Every structure is written in structure tokens, then in C-alpha cells.
Amino acid sequence: MATADRLRVFALNATEELGSAIAHQLGKPLSRHEEREFEDGEHKARPLDPVGNADVFVIQSLHGGPAASANDKLCRLLFFIGALKDAGAARVTAVVPYLCYARKDRRTKPNDPVTTRYVAAMFESVGADAIVTLDVHNPVAFENAFRFRTVTLTAAPLFVDYAKKLKDEGLCVVSPDTGGAKRAELFREALEAACERPIGKAFADKHRSAGVVTGDLFVGDVHGATALIIDDLISTGGTLVRAAKAARNAGACRIIALAAHGLFMEGAAEALADPVIERIVITDAVPAFRLPLGATRDKLDILPSASLFAEAIARLHEGRTLTDLLVY
């Protein structure tokens, strides 16, 4: 059984702010490491604190930007995990708040890559023992891609706490597409248990082919309710706006969008400024650095995720169950 003095928590530079917050929640300082850049673009990272026979957690979110690409962050994380194993770490767990390439988990065209599986193979090749992430696009595909322990945390506990503040309103959980129906239903069940009252459900229809989105079916009763549209991430915002307009046309009085990851790619600020969406709620697993000041930023609520990751790290280190953190 691991003991407290064997716990080491590192955060690579690109995720230092979130890593420091997680370490603070654990009541333990971040372990020291060095990252060096070389003139030709190569780099290295090494632990400065001893890791022999230690239970090591390395925090690195793998979204692109603002200063490094997803590929560069992935490469640095993999190399650092390899260095930790070479230095004698007993167990290394990658804590990856946002996992790059998680959306490319199946073939949609002939000869398509299944990039999630290739990323998993790279983690395995450097000796990683486990990976912890938040709200991957398809939890089943993620778990099947890896050959070591996977932990898929969800932002549901954070969103439940947020939604409970709306206790005087009728609530309805909406999935923006049929693919997210299970996520929405499990969140609805968790919210219903927390609020101890019935919570409605609905979903919008969506089909995507060659980048073109179609579908206008909306199923569920949102009339007079506050619609909570839940998804794993926000990219351009088009899916959320379509679902919000469908919910409004079906009689919803207020619409709040909930997503673990706010990527906010080009066009998102303009799309999400649509007044049909009253509030947008995300976590800080991906900083909202792409979202400029303006109408969309003004209605953004960012929930801190450090306590969720810290709790998962503590339980993994001590061998305790994670069941209540894994809502989906």
C-alpha cells in the first residue's frame, strides 16, 4: 500500500496554474522538475526531486495553445513519464484534464486513423501505469483504447452544485444530440437525486457529414423550464446554439449551456453571443484564452476543477474507490 511520503505530484509548465491549484487542494507542494529548450526546437524534462519507489502523478492538459500545440504538450508529457520510470518511479499516473485526439476514436471514412488508440500506445510505450482525464468524448472508446487503468472523471459533480442554486426553477436536462443522450441522462439522474425533485429530459437531433450538420427534431418537454444543455466540449458553438434554439422554440424560458471543456475555436465567440443562451458554464480544465472580451465572455461561468482532480489523486494513491466521482 502506498504511503503519503511516497506521493509525488508534478505539473509540467504548460499546466502549472491548474497543477498548483490541485497540489494546494492536496495540501502538498508540487514536486520540482526542470524543462529545458534547445536551439533547434528539441527539449527535455527531468525530475529534480527523488522519485525512486514513489507513486507519481504528472499533470498536463493536452489542448492546443496558447503557447504550444497539443502535439508538443503530448510529446513533453510522454518524455517526462519515460524519465520518471527510468528514475525508478514505482507507479506513474498521467493526469490529463483534456486529452487530445479523444474525438478521433473511430473510423468515419475509409482508411481513417483511430488516433485515440495510437495515443494510448504511446503512453503504454513509455511505461505509464494509469491515466486520469475529464469528460472524454466517448468514455467507452477511451477505455477500450488503453491497456492499463483508465479513470474518466466527469464534471457532473461541479455542474450539479451549480444547478442546485437554481432550486426554485423547473429544470430540464437537454442533450444537444443523440450521441450525448447517455451523458445527459446520467447527469439528470445525479441532479434529480441531489435536488430531490423531478428533473425533465429532452434531446435534439443532429447529423454531421463532411462538416455539414443537419437535423431539426426535438424530443422532450421543456415548456416553462430552464433548459440545461450538457455536452463534453464546446468547439465552434454551433451545436449548442442549434439545440438552444430548438429548446426555446419548444417553450423553454431560460437556457444554460454546460460543458467540461471550452475550446472556443474560431467563430465561437460570435455564435455563442446569441441571446438564446443565457449562461455558459465550463471548467478550467482548458483555459478560455481564445475567448475575447465581449458578449460571450460576459455570460461565461468558469468552475474550478482542482478539487475534483485532487480528490481522485488522493483516492488512487490510497487505494480508495472512485465510484461516486464517475457519474457517467
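**Helix packing and nonpolar cores**

Helix 5 crosses helix 6 with right-handed geometry. The model is predicted. Its largest nonpolar core holds 44 residues. Two helix pairs and one loop glycine, Gly88, are set out below.

**Helix 5 and helix 6**

- Helix 5 covers residues 156–164, and helix 6 covers residues 181–195.
- Their axes come within 10 Å and cross at roughly 50°.
- An angle under 35 degrees would count as roughly parallel, and 65 to 115 as roughly perpendicular. Helix 5 and helix 6 are therefore oblique to each other.
- On the helix 5 side, the contact is made by Ala156, Phe159, Val160, Ala163 and Lys164.
- Helix 6 contributes Phe187, Ala190, Leu191, Ala194 and Cys195.
- By class, this contact has nine nonpolar residues, one charged residue and no polar ones.

**Helix 2 and helix 3**

- Helix 2 spans residues 70–86, and helix 3 spans residues 115–125.
- The two pack at an angle of about 30°, with their axes 9 Å apart.
- That angle makes helix 2 roughly parallel to helix 3.
- From helix 2, the residues in contact are Leu74, Leu77, Leu78 and Ile81.
- They meet Val119, Met122 and Phe123 of helix 3.
- The contact has seven nonpolar residues, with no polar and no charged ones.

**Nonpolar cores**

- In the 44-residue core, the residues with the most contacts inside it are Leu153, Phe187, Leu191 and Leu228.
- Phe187 and Leu191 also belong to the helix 6 side of the contact with helix 5.
- Helix 10 (residues 306–318) supplies the largest share of this core, seven residues.

**Gly88**

- Gly88 sits in the loop between helix 2 and strand 5 (91–96).
- Gly88 is partly exposed, with a relative accessible area of 34%.
- Gly88 and Asn53 are 35 residues apart in sequence. Their C-alpha atoms are 5.9 Å apart in space.
- Beyond its neighbours within four places in sequence, Gly88 is in contact with Val51, Gly52 and Asn53.

Technical notes. Residues are numbered from 1 along each chain as its sequence is written. This is a predicted model: local features need pLDDT of at least 70, side-chain atom pairs count only at pLDDT 80 or more; totals for chains, interfaces and linings use all residues. Side-chain values use heavy atoms; hydrogens and water are left out. A nonpolar core is a set of buried Ala, Val, Leu, Ile, Met, Phe, Trp, Tyr and Cys residues joined through side-chain atoms within 4.5 Å. Buried means under 20% relative accessible area, exposed over 50%, partly exposed in between (1.4 Å probe, protein chains only). Helices (H or I, at least four residues) and strands (E, at least two) are DSSP runs, numbered from the N terminus. Axes are lines fitted to C-alpha atoms, for helices over the stretch in contact, and angles run from 0 to 180 degrees between N-to-C directions. Angles under 35 degrees count as roughly parallel, over 145 as roughly antiparallel, 65 to 115 as roughly perpendicular and the rest as oblique. A crossing is left-handed if the near helix is turned anticlockwise from the far one by less than a right angle, and right-handed if clockwise. Contact means heavy atoms within 4.5 Å. Ala, Val, Leu, Ile, Met, Phe, Trp, Tyr, Cys and Pro count as nonpolar, Asp, Glu, Lys and Arg as charged, and the others, Gly among them, as polar.
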